[in-house]
Amino acid sequence: MLTLTALLVFTLASTSTSCADSSWLTRSHSCVGSPQVWEARPSPGKGLGVYATRTIEPGDIILSEPPIIHFAPSEFRDGVAYPLNDITATLQASFDALSPGEQAQVMSLHAYMTPAEKAGDQLMAIFRSNAYTTGDSLGLFPKGSRINHSCRPNTSQYWSANLGRRIVYANRHIEEGEEIYASYIPLLHPHEARQRRLDQYGFKCTCSACALDQGARNASDQRRQDLAKAFAAFESQLTLSVPGSVVGKRKARKNAEASIQLVEEIEKEGLADYYIKAYHIAAVMHARAEDWKPATLFANKGYETSLLADHNARSAGTKELQALTNHLINKWNDHLRDKAMEHGK
Ligand SMILES: [Zn+2]
């Protein structure tokens with residue numbers, strides 16, 4: 001049986017912004033009249049690409065787009081091979097309901113065709129190559145589909161269930177004329193493994209991470225593998241309780257140091273989608289070592305990074321980081337007061 005293994009699977013948080021009717025938003029939520037922030041034009045070796053038409057700052061929304069086709073498959077399983085036959089009929093019915101102009105828009109999207117697909121269903125090949133998960137549904141976003149892949153992307157994205165839109169925002173400063181990139185795949189894997197995942201889209205990645213010379217690429221590969229291991233190891237220890245034993249305290253101190261390294265490596269690798277997770281870990285690890293100043297600063301950095309995607313601080317993740325920052329500020333204050341009292345004795 002054919003399976004839909006190639007769907008782009010992202011974790012998309014739900015949030016909302018205050019400018020529901022505009023496709024084009026700035027970070028400050030003012031609705032700008034015309035779509036001047038990007039344009040699609042030929043990208044060397046990649047067909048079309050999306051380019052910034054002006055300087056874009058972290059958190060600026062580049063694209064806010066409703067799906068042209070959107071449905072919930074009957075048995076959606078996150079990231080797992082998916083029976084194609086189940087969705088063929090639903091996909092075709094959704095397509096048939098579109099206007100001729102919309103249908104042309106869908107059929108103009110790029111699709112890498114496997115030999116089996118060449119013989120048959122082009123619509124399914126387009127859907128497989130371009131669909132995104134939106135909560136427990138699948139959506140096709142023609143404008144966003146023009147954004148090429150990079151293993152070091154300058155945008156991040158989420159699905160806003162409130163707005164019914166997929167939001168693409170800058171995760172770092174983007175110069176006017178620079179190409180805008182998203183990631184199609186999980187990125188904490190070495191180059192060869194990433195390339196294997198990308199084969200389903202029919203291109204060889206030449207992004208800034210993949211185009212490094214051998215030595216630098218090996219270092220990048222090692223870093224990504226180490227980061228994946230470190231995240232897994234830290235996640236089992238994300239508790240704020242301070243260890244009582246000498247051995248426990250020593251271990252907490254070591255973990256705090258290792259968490260700084262995690263933050264440095266993730267920043268060095270330019271993997272913005274993992275920044276919040278890394279800052280959160282560093283905050284908790286320093287709290288466990290009762291090192292309140294860096295703990296507070298990392299929590300606040302996580303909160304501020306979280307606000308880039310979630311301007312109104314509505315998501316559970318943003319609220320959690322806000323609460324953590326406040327908690328750590330109190331701990332830091334208590335610690336300073338205790339120290340002052342000790343001093344005054
Ligand atoms: Zn790449």
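1. In this predicted model, helix α6 passes helix α8 in a left-handed crossing. The two helices, α6 at residues 214-235 and α8 at residues 275-288, pack at an angle of about 45°, and their axes lie 11 Å apart. That angle makes α6 oblique to α8, because the roughly parallel class is kept for angles under 35 degrees and the roughly perpendicular one for 65 to 115.

2. Which residues in α6 and α8 meet? From α6 come Phe231, Phe234 and Glu235; on the α8 side, their partners are Lys277, Ala278, Ile281 and Met285. Sorted by class, this contact has five nonpolar and two charged residues, with no polar ones.

3. A word on the cysteines, in case you were looking for a bridge: the structure holds zero disulfides. Cys151 is buried, since its relative accessible area is 0%. Cys207 also counts as buried, because its relative accessibility is 8% and the cut-off for buried is under 20%.

4. You will find His110 in the loop between α2 (100-107) and α3 (115-119). Is His110 buried or exposed? His110 counts as exposed, because its relative accessibility is 55% and exposed means over 50%.

5. What does His110 contact, leaving aside its neighbours within four places in sequence? The residues are Ser129, Asn130 and Tyr201. It is also worth checking His110 against Ser145: the two are 35 residues apart in sequence, and their C-alpha atoms are 8.4 Å apart in space.

Conventions. Residues numbered from 1 in each chain as written. Predicted model: local features only at pLDDT ≥ 70, side-chain atom pairs only at ≥ 80, totals over all residues. Heavy atoms only, no water. Axes fitted to C-alpha atoms, helices over the stretch in contact; angles between N-to-C directions. Helix = DSSP H or I, 4+ residues; strand = E, 2+ residues; numbered from the N terminus. Parallel < 35°, antiparallel > 145°, perpendicular 65-115°, else oblique. Left-handed = near helix turned anticlockwise from the far one by under 90°. Contact = heavy atoms within 4.5 Å. Nonpolar A, V, L, I, M, F, W, Y, C, P; charged D, E, K, R; others polar. Disulfide = S-S within 2.5 Å. Buried < 20%, exposed > 50% of the residue type's maximum accessible area, 1.4 Å probe, protein only.
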